[in-house]
Amino acid sequence: MKRFLRNLVLAIFAVLAIFAGVIYWQQHFAPAPPPPEPLTGQIDHILIEKSERRLTVFRQGEALRNYQISLGFEPVGDKFQEGDGKTPEGLFTINRRNPQSAYHLSLGIDYPQADDRARAREAGVSPGGDIFIHGQPNDRFGMTAIPWDWTAGCIAVSDPVIQELWRITPDGVTVEIRP
């Protein structure tokens, strides 16, 4: 009976190891699906849903494409002060671009706004700033994309995604960031 149980446990571990190996191979070595056709024209709205880790671009109310995102290292809740690792929530505007960014390309949003500054001033803290939608760090040592929430409050996407966003997003586009 002991021998049977030992063999059963070994068989279960072998099956689990094979299953883990298949998943690892699919995630790291399986061919990627072909990229979608590039978007053309310009968008007029970006919706960021923090809880879904999703950015959606719109033109005239029509959702055109969804992208996966990473957020600040403390993603739950609204940004309150510099260094809290939170991504702000609310309605913003793309107000600047940085082609020389340390994060490939970056599109700036107009945070902090007046109410953010007032709330932080009342608490005696800095609201922070320099919130961007940006690509991956330029010095990521061969990693394609960082797959966890790692920014100081920005919205990070893959480099091909920020290249597409850079091309289709004019300054003045509204950015809605929901919890």
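Reply: Two strands are said to pair if DSSP finds at least two bridges between them, and strands themselves (E, at least two residues) are, like helices (H or I, at least four residues), DSSP runs numbered from the N terminus. The model here is predicted, so that local features need pLDDT of at least 70 and side-chain atom pairs count only at pLDDT 80 or more, while totals for chains, interfaces and linings use all residues. Residues are numbered from 1 along each chain as its sequence is written, and side-chain values use heavy atoms, with hydrogens and water left out.

Me: In what order do the strands of the open sheet stand, and which are the edge strands?

Reply: Strands of a sheet pair through backbone hydrogen bonds, either parallel or antiparallel. In this model, 8 strands form an open sheet in the order 3-2-1-8-4-5-6-7, and the pairing is mixed. The edge strands, each of which pairs on one side only, are strand 3 (62-68) and strand 7 (155-156).

Me: How many bridges join strand 4 to strand 5, and which residue stands opposite S106 in strand 6?

Reply: Strand 4 (residues 90-98) runs antiparallel to strand 5 and is joined to it by 4 bridges, with N98 standing opposite S106 of strand 5. Strand 5 also pairs in the antiparallel sense with strand 6 (residues 132-134), over 3 bridges, and there S106 stands opposite H134. Strand 4, for its part, pairs with strand 8 (residues 174-178) over 4 bridges, again in the antiparallel sense, and L91 stands opposite E176 of strand 8.

Me: Which strands do the buried residues of helix 3 pack against?

Reply: In helix 3 (residues 159-168), the buried residues are D159, V161, I162, E164, L165 and I168. By contact (heavy atoms within 4.5 Å), these buried residues pack against strand 2 (54-59), strand 3, strand 5 and strand 6.

Me: How many aromatic pairs does the structure hold?

Reply: A pair of aromatic rings is described by the distance of the centres and the angle of the planes. Rings of Phe, Tyr and Trp (its six-membered ring) pair if their centres lie within 6.5 Å, and planes under 30 degrees apart count as stacked, over 60 as edge-to-face and the rest as tilted. The structure holds 2 such pairs. The rings of F92 and Y111 have centres 6.3 Å apart and planes at 70°, so this pair is edge-to-face. Because F92 lies in strand 4 and Y111 in the loop between strand 5 and helix 2 (114-123), the pair ties together parts that are 19 residues apart in sequence. Both F92 and Y111 are buried. The pair of Y103 and W150 is tilted, with 5.9 Å from centre to centre and 40° between the planes. Since Y103 lies in the loop between strand 4 and strand 5, and W150 in the loop between strand 6 and strand 7, the pair ties together parts 47 residues apart in sequence. Y103 counts as partly exposed because its relative accessibility is 32%, whereas W150, with a relative accessible area of 18%, is buried.

Definitions and conventions
Buried means under 20% relative accessible area, exposed over 50%, partly exposed in between (1.4 Å probe, protein chains only).
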